[in-house]
Amino acid sequence: MYAVIRTGGKQYRVAEGDVVRIEKIAGDIGAEVSFTEVLLLGGAESPKVGQPTVAGAKVVGKVLAQDKHRRVLHFRKEKEGWTRRRGHRQPYTEVKVTSISG
């Protein structure tokens, strides 16, 4: 069984046992998080598509890490001869999906 969830303004296709990196959410390492914005449930049967979400569906996961991605650089060069180099490290939460119900 798989599901499409929405969190942090993005959509992710997840199945039980998957480890996904999502936009940072509050929670300590080892804590349980649940996602109620389930847009689609699929599996052996025909998929259930929500309008906009599937009623009563829930995806539960466990927080594995709170970390930052590798540095992203933004480089800008102008004709006049000056350059600007900036960057940032985007924080993320690593979640292991433990169960999908719906």
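Predicted model: local features only at pLDDT ≥ 70, side-chain atom pairs only at ≥ 80, totals over all residues.
## A walk through the sheet and the core

Valine 33 stands opposite glycine 61 in strand 7.

**Around glycine 61.** Strand 7, where glycine 61 is found, covers residues 58-68. Is glycine 61 buried or exposed? Its relative accessibility is 1%, and because buried means under 20%, glycine 61 counts as buried. Leaving aside neighbours within four places in sequence, glycine 61 is in contact with Ala31, Glu32 and Val33, and also with Val95, Lys96, Val97 and Thr98. Now look along the chain to threonine 83, 22 residues away from glycine 61: the C-alpha atoms of these two residues are separated by 44 Å.

**The sheet.** Strand 7 and strand 4 run antiparallel and are joined by 4 bridges. How many strands form the open sheet, and in what order? There are 4, arranged 3-10-7-4, with antiparallel pairing. Strand 3 and strand 4 are the edge strands, each pairing on one side only. From one strand to the next, the twist averages 45 degrees.

**Threonine 93.** Let us move over to strand 10, the place of threonine 93. With a relative accessible area of 0%, threonine 93 is buried. Not counting residues up to four places away in sequence, threonine 93 touches Val20, Arg21, Ile22, Glu23, Lys24 and Ile25, together with Val63, Ala65 and Gln66.

| Atom or group of threonine 93 | Partner | Distance |
|---|---|---|
| Side chain of threonine 93 (polar contact) | Side chain of glutamine 66 | 2.8 Å |

**The nonpolar core.** Which residues have the most contacts inside the largest nonpolar core? They are Ala3, Ile5, Val14, Phe35, Val38, Leu41 and Val59, in a core of 17 residues. The elements giving two or more residues to this core are strand 1 (2-7), strand 2 (10-15), strand 3 (19-23), strand 4 (32-35), strand 5 (38-42), strand 7 and strand 10 (91-101). Strand 10 gives the most, with 3 residues.

Leaving aside neighbours within four places in sequence, alanine 3 is in contact with Tyr12, Arg13, Val14, Val38, Leu40, Leu41, Val59 and Ile100.

Methods
Residues numbered from 1 in each chain as written. Heavy atoms only, no water. Buried < 20%, exposed > 50% of the residue type's maximum accessible area, 1.4 Å probe, protein only. Contact = heavy atoms within 4.5 Å. Core = buried A, V, L, I, M, F, W, Y, C linked by side-chain atoms within 4.5 Å. Pairing = 2+ DSSP bridges. Axes fitted to C-alpha atoms, helices over the stretch in contact; angles between N-to-C directions. Polar contact = N/O pair within 3.5 Å; in protein donor to acceptor, adjacent residues only side chain to side chain.
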